[in-house]
Amino acid sequence: LDDAHDAELTDLGENQAQTARERYALSDVELVVSSPLSRALRTADLVHPPSESSESAKKRRIAIEHFREINGKLLNAQRRARSDLVQKFPHWCFQAIPELDESWTEELESREDCSERGYRGLLWVLQQPEQNVLLVGHGGILNYTLNGHANVVLLDGRRQSNTDSESEEVRCVTKRFGNCELREFVITGWDSAGYNNGLSNGANQLEPVITLEEVTLSQ
């Protein structure tokens, strides 16, 4: 089933998502953003389930195309029709995606196009009013975006734990995400002059630089 059309989340993936939910405190999430592929949407629902309370019901859950996996060639990268997704995940908003998956082709998306798509997604996140965002994507798109785009800069702001030993190897911030691995970042957009208000550039201005400072994940 690895290359099934819009492959479902595996049993292993379900268990990993449940474990992540039990391990990490995500009570301050204000907005949930996900790839429109079913396995990502299911992961988001397991890690941070929609609540029945009136207050939590106001939290937006939005699927956007920017964070889908590397597109093309593989059937598991091809999403379902929007109307099918609406029936399967009725608590999600799919207004930002077209009815049919017209972007999928038999050719694999290039690294450059994939990283640019992810970069555009980060700009979209910065433009949202919510401050605490849970983003669920895929290993390929995240790797290409965080490590392959000239306007995305990773910083390490993690504090060292008292339990860390000198011999223990600390994970590099550029390492590819593992399955259902959670990381926490502070995201900032900077214009060409170095000010953090570069989201409304004119035609002659450079694209904003996005810094993602990884911080220690709350547990």
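This section describes the fold, the packing and selected residues of a predicted model.

The protein chain contains six helices and six strands. Read along the sequence, these elements follow the pattern α-β-α-α-β-α-α-β-α-β-β-β. Of the 219 residues in the protein chain, 42% are buried. Among contacts in the protein chain with a separation of 6 or more, residues 24 or more positions apart account for 77%.

Three of the strands form an open sheet, in which the order is β2-β1-β3 and the pairing is parallel. The edges of this sheet are β2 and β3, each of which pairs on one side only. On average, and with direction ignored, neighbouring strands of the sheet are turned by 15 degrees against each other. Four bridges join β1 and β3 in the parallel sense. Within this pairing, S34 has V136 in β3 as its bridge partner. Helix α2 packs on the sheet and touches β1, β2 and β3, and the direction of α2 makes about 140 degrees with that of β3.

Helix α2 spans residues 38–47 and is mostly covered, with nine of its ten residues buried. The buried positions of α2 are S38, R39, A40, L41, T43, A44, D45, L46 and V47. Cover for these residues comes from several elements, including the helices α1 (11–23) and α4 (82–88). The strands β1 (31–34), β2 (60–63) and β3 (133–136) are also among the elements that cover the buried residues of α2.

T43 is found in α2, and T43 counts as buried because its relative accessible area is 13%, below the 20% limit. When residues up to four places away in sequence are not counted, T43 touches L9, A17, V136 and C180. Of these contacts, V136 is also the bridge partner of S34 in β3. C180, another residue touched by T43, lies in the loop between β4 (152–156) and β5 (184–190).

C180 has a positive phi of about 55 degrees although it is not a glycine. Most residues other than glycine have a negative phi. C180 is classed as partly exposed because its relative accessible area is 26%, which falls between the limits of 20% and 50%. A positive phi, of about 45 degrees, is likewise found at D6, which is not a glycine. D6 belongs to the segment before α1. With a relative accessibility of 0%, D6 counts as buried.

A further group of pairings involves the strands β4, β5 and β6. Strand β6 comprises residues 209–215 and pairs with β4 in the parallel sense over five bridges. In β6, T211 stands opposite V153. The pairing of β5 with β6 is antiparallel and extends over seven bridges. Here W190 stands opposite V209 in β6.

A buried arginine was identified in another helix. R117 lies in helix α5, which covers residues 111–126. R117 counts as buried because its relative accessibility is 14%, under the 20% limit.

A search of the whole structure for aromatic pairs finds zero. An arrangement of a charge over a ring does occur: R183 lies over the face of F177, at 4.0 Å from the ring centre.

Methods: Residues are numbered from 1 along each chain as its sequence is written. This is a predicted model: local features need pLDDT of at least 70, side-chain atom pairs count only at pLDDT 80 or more; totals for chains, interfaces and linings use all residues. Side-chain values use heavy atoms; hydrogens and water are left out. Buried means under 20% relative accessible area, exposed over 50%, partly exposed in between (1.4 Å probe, protein chains only). Helices (H or I, at least four residues) and strands (E, at least two) are DSSP runs, numbered from the N terminus. Contact means heavy atoms within 4.5 Å. Rings of Phe, Tyr and Trp (its six-membered ring) pair if their centres lie within 6.5 Å; planes under 30 degrees apart count as stacked, over 60 as edge-to-face and the rest as tilted. A charge sits over a ring if NZ of Lys or CZ of Arg is within 6 Å of the ring centre and within 35 degrees of the ring normal. Two strands pair if DSSP finds at least two bridges between them. Axes are lines fitted to C-alpha atoms, for helices over the stretch in contact, and angles run from 0 to 180 degrees between N-to-C directions.
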